[in-house]
Amino acid sequence: MTVGTQTNRRWWALVAVALGTFMTYLDNNVVNVALPSIQRDLQLSIEGLEWIASSYILVFAGLLLAGGRIADVVGMRGVFFGGLAVFTVASVAAGLAQNQEMLIGARAVQGVGAALLTPASLALLTQLFPNARERATAVGIWGGVGALALAFGPLTGGWLSEHASWGWIFLINAPIGIATAVVGFLSIPAGRRGTSRGLDLPGLGASSLALFALTFALIEGESRGWTSGSILAGFAVAAAGAIAFVIIESRSANPMMDLSFFRLRLFTGGLLAMGLWAFGVFGIYFYTAIYMQNVLGFSPTEAGAAFVPMALVMAVMATVAPRLEARFGAGRTVAAALALMAVSVAGISSFGEGTTYLDLLPWFLVYGVGGGMLVPLNNVVVGALPAARAGIASGMLNVSREVFGLLGITILGALLTNRSNAATGSELHRYLEGYQFSLVVAAALVAVGIPISLWALRSVKPADEPTAKDEEPMLEPA
């Protein structure tokens, strides 16, 4: 096989990996605006409705580290296709569900598929593109596709639930999954089996228990009460699981995660910066969407469509960001990204009643620029660990994103509620007091990532020029 053919196959493999990522990111937020339609058709209880939205993210976040470890042991390619198959089949089952039990179960199985597929996707890019500059470009494109899913999820969910059937928000994954499998089978070379040995079942069990419990407590805390027995128990189990994980990993002869990784400034600082990004993104999407509907009178579809320009800018900037990183370094690029996001959130916080979409749009676009510029951070975090641990590094990166994203929704929601309850005046005025205050806090927390990025990522060198040594992919030809 010629070098040119291998190069073309690598870029087609990127298409498959990006499509797989798009599917899982889309399902993170496609359901929310379709929930009223699902509730009417299936005559759901409120508890059932909540679990349709929560079961996916609960299983997804809970098993991400397990998925990363399995990818390191079994091999990226096999885990990618395995996760893709599970996710696609579960999506069809969700689209055809006739009752809440079937739908909740299918959503949970989707989470299993996504937890395998997502860490393997990013880790595959490190093997397909060993050349630093090509890999930076590939991660930029991958990140841009993921950014599109953040906005097209609410838009797709709203449009399909209004004009077709809510089942299609899941069924559309079937043709995407089949296309991804075909393109991936023809373009992703057969990889070497992972060099990591053993799954470290005690470590997998402890980490999954901790993440399950933490995710459950964050999702259910608002509705059940933060001081309720079940939520306090959830946090207690999460803490116990985390402590057990540290003890197990420190004593294991073959740990799933070497705890010394956390002493690496690039790894720990990069995870924290990614978490602060997710804190802002998840919180802004969630509460600004509510603000546009409850205060400005947008329909669900209109609220979803309002984020599309932001996502398009984010996707474009994700492909440009590697060039900025090559010129200015990862630390400055990520710090500038977080600064733009913080400024944007602060700007959005100044709006209340009588606001038009054109008033918000410039701030949305600034936010999109910042969000897209943060994409090089994916490459930095995964590259901070040995290649044999790319799966677990990708898993940690996604755990940081998911958990901090849930924290964003949870903390901002608690601040919004407390501030609203303390305010006086009409119900709308009190709501806006809480909403605007929560965004100011969000802007401040995102801004914390600026000095962290400048410190943690200061030693990351720009992508090197291609060399003969790294022209070939680190996957064996099929």
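Biologist: How exposed does Glu134 come out in terms of relative accessibility?
Modeller: Glu134 counts as partly exposed, because its relative accessibility is 22% (buried is under 20% relative accessible area, exposed over 50%, partly exposed in between, with a 1.4 Å probe and protein chains only). This is a predicted model, where local features need pLDDT of at least 70 and side-chain atom pairs pLDDT 80 or more, while totals for chains, interfaces and linings use all residues. Residues are numbered from 1 along each chain as its sequence is written, and side-chain values use heavy atoms, without hydrogens or water.
Biologist: Which side chain does Glu134 meet in a salt bridge?
Modeller: Arg10, at 3.0 Å from N to O (the cut-off is a Lys or Arg side-chain nitrogen within 4 Å of an Asp or Glu carboxyl oxygen). Arg10 counts as buried, at 2% relative accessibility.
Biologist: How many salt bridges does the structure hold?
Modeller: There are 3. One of them joins Glu220 to Arg224, with the closest N and O atoms 3.1 Å apart. Both lie in helix α9 (residues 201-224), 4 residues apart, about one turn of the helix.
Biologist: Is Glu220 buried or exposed?
Modeller: Glu220 is buried, at 3% relative accessible area, whereas Arg224 counts as partly exposed at 35% relative accessibility.
Biologist: What about Arg401 and Glu402?
Modeller: Their side chains meet in a salt bridge too, at 2.5 Å from N to O. Arg401 and Glu402 are both buried.

Technical notes
Helices (H or I, at least four residues) and strands (E, at least two) are DSSP runs, numbered from the N terminus.
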